[in-house]
Amino acid sequence: ILTLDLSRYEALMREMAFNGKWLPLIEYLVQQMETSMGIRDLITGEKALQAFLNVYLGLSALYLVYSEKELKKGYADLVLEPFLAQYPQLKYSYLIEIKYIKPLGKKKELTPAKLKAVKEEAESQLDRYSRDEKFQKAVGSTALKKLVLVFCGNRLVYKGEVVFPPGDKIP
């Protein structure tokens, strides 16, 4: 049973929207997910995780949340487009790429090489999606944060933000 504290959720969402502090909200939602999702819930892997996050990120009126939004001939897992018509003061928008690695047996471990490959694939996708002209117009002058979330089963094994090297122009 999911027991989401809505006042805490809204405070975390506001921190994400106005201050770019996304990690506390994601960690809170993942904690809720870990306690509420069973093994059978994850039969569809990434899709189940994506659906969970889509629903709970969409509880706030600050963002228009899209799942599998077509951007630059690909499909972004989750897009948090700021609802600028209602909240013109919003400062951040988000692209989230979710990767799912099937849980391994007791003797097998998730190797750093496998994690690195999955992370790099997600980063490449996010870079491409962020270059979509219609999307850039929709997010206006907000700062775009591109997030990679890698799960092994229902455990979040990597969470990170794609940042450009110093001096590199953000598209």
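Here is a quick tour of this protein chain, from its overall layout down to a few side chains. Keep in mind that you're looking at a predicted model. The chain has 5 helices and 5 strands, and if you read along the sequence they come in the order α-α-α-β-β-β-α-α-β-β.

**The chain as a whole**
- Of the 171 residues in the chain, 42% are buried.
- Take the contacts with a separation of 6 or more: 59% of them are between residues 24 or more positions apart.

**The nonpolar cores**
- The largest nonpolar core is made of 32 residues, and Leu29, Leu53 and Leu57 have the most contacts inside it.
- Helices H1 (6–19), H2 (23–36) and H3 (46–57) each give two or more residues to this core, and so do strands S2 (74–82), S3 (92–101) and S4 (143–152).
- Let's zoom in on Leu53: setting aside neighbours within four places in sequence, Leu53 is in contact with Leu29, Met33, Gly58, Leu78, Ile98 and Leu149.
- There's also another core, apart from the largest one, with 15 residues, among them Leu71, Val79, Ile101 and Leu115.

**Helix H4**
- Helix H4 covers residues 112–130, and at 1.5 Å a residue its 19 residues should span 27 Å; the end C-alpha atoms are 27 Å apart, so the two agree.
- The buried residues in H4 are Leu115, Val118, Ala122, Gln125, Leu126, Tyr129 and Ser130.
- What do the buried residues of H4 pack against? Their partners are strand S1 (63–71), S2, S3, helix H5 (133–138), S4 and strand S5 (155–162).

**Aromatic pairs**
- The structure holds 2 aromatic pairs.
- One of them is Tyr63 with Tyr94, an edge-to-face pair at 6.1 Å centre to centre with 70° between the planes.
- This pair links distant parts of the chain, as Tyr63 is in strand S1 and Tyr94 is in strand S3, 31 residues apart.
- Tyr63 counts as buried because its relative accessibility is 4%, under the 20% cut-off, and Tyr94 is buried too, at 0%.
- Phe83 and Tyr87 have ring centres 6.4 Å apart and planes at 70°, so this pair is edge-to-face.
- Phe83 counts as partly exposed at 29% relative accessibility, and Tyr87 counts as partly exposed at 21%.

Definitions and conventions
Residues are numbered from 1 along each chain as its sequence is written. This is a predicted model: local features need pLDDT of at least 70, side-chain atom pairs count only at pLDDT 80 or more; totals for chains, interfaces and linings use all residues. Side-chain values use heavy atoms; hydrogens and water are left out. Helices (H or I, at least four residues) and strands (E, at least two) are DSSP runs, numbered from the N terminus. Buried means under 20% relative accessible area, exposed over 50%, partly exposed in between (1.4 Å probe, protein chains only). Contact means heavy atoms within 4.5 Å. A nonpolar core is a set of buried Ala, Val, Leu, Ile, Met, Phe, Trp, Tyr and Cys residues joined through side-chain atoms within 4.5 Å. The expected span of a helix is 1.5 Å times one less than its number of residues. Rings of Phe, Tyr and Trp (its six-membered ring) pair if their centres lie within 6.5 Å; planes under 30 degrees apart count as stacked, over 60 as edge-to-face and the rest as tilted.
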